[in-house]
Amino acid sequence: MSDMFPIRNSLKQRDALSPLVFNFALDYAIRRVQVNQAGLKLNGSHQLLAYADDLNILGVSVHTVKENAEALGVATKETRLEINADKSKYMVMSRDQNAGRSHSMKNDNSSIERVEEFKYLGTTLTNQISIQEDVKNRLKLRNACYYSVQKHLSSSLLSKI
């Protein structure tokens, strides 16, 4: 690895280096958050899920999520990335209907919206830790796909193997 070097000018969005520099900066911020070991762990170590610019902070309590969100905010500021509070949301996953209702989250004095469910990589996650709605939605999509191609599948033009 080389020594650190400053970037004095910003990169244009369509510049070929933009995604690479963004990934480096985001990876640095994520690694800084991963140092905090208080969060919920998946596979023993992960408390932050990331895909492209979609991040999900996990925690066993609202307090832990707040701490990790603050750590992410500090780390992103070091790399001059910004968290968009308008696009940010949080959800408390618990079988207890009232879990986390009395808490609120903020990012730089902007409130972050609390949601009951959200979609991540095509899977609907609910605050009640239930997969029933996701299974129903996937079945609807499967049925819609099947019925849209059904006449083509039964066509005599297809060879029967």
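Predicted model: local features only at pLDDT ≥ 70, side-chain atom pairs only at ≥ 80, totals over all residues.
Figure 1. Of the chain's 161 residues, 24% count as buried. Count the pieces of secondary structure and you get 3 helices and 7 strands. Follow them along the sequence and the order is α-β-β-α-β-β-β-β-β-α. Now take the contacts between residues at least 6 apart in sequence: 47% of them join residues at least 24 apart.

**Figure 2. A closer look at helix α2.** This helix runs over residues 62-78, which makes 17 residues. From its first C-alpha to its last, α2 reaches 24 Å, close to the 24 Å expected at 1.5 Å a residue. Quite a list of its residues is buried, including Val-62, Asn-68, Leu-72, Gly-73 and Ala-75. Two threonines, Thr-64 and Thr-76, are buried in α2 as well. Just past the end of the helix, look for Arg-80, which has a positive phi of about 65 degrees.

**Figure 3. The largest nonpolar core.** In soluble globular proteins, nonpolar side chains tend to be buried together. Here, the largest such core has 9 residues, among them Ala-25, Ile-30, Val-33, Leu-48 and Leu-81. Helices α1 (18-34) and α2 each put in at least two residues. The largest share, 5 residues, is the work of α1.

**Figure 4. Two tyrosines, ring to ring.** A pair of aromatic rings is described by the distance of the centres and the angle of the planes. Searching the whole structure turns up 1 aromatic pair. The partners are Tyr-146 and Tyr-147, with 5.2 Å centre to centre and 75 degrees between the planes. That pair is edge-to-face, because its angle is over 60 degrees. Are these two tyrosines buried, partly exposed or exposed? Tyr-146 has 37% relative accessibility, so this residue counts as partly exposed. Tyr-147 comes in at 56%, so this one counts as exposed.

Notes. Residues numbered from 1 in each chain as written. Heavy atoms only, no water. Helix = DSSP H or I, 4+ residues; strand = E, 2+ residues; numbered from the N terminus. Expected span 1.5 Å × (residues − 1). Buried < 20%, exposed > 50% of the residue type's maximum accessible area, 1.4 Å probe, protein only. Contact = heavy atoms within 4.5 Å. Core = buried A, V, L, I, M, F, W, Y, C linked by side-chain atoms within 4.5 Å. Phe/Tyr/Trp six-rings, centres within 6.5 Å; stacked < 30°, edge-to-face > 60°.
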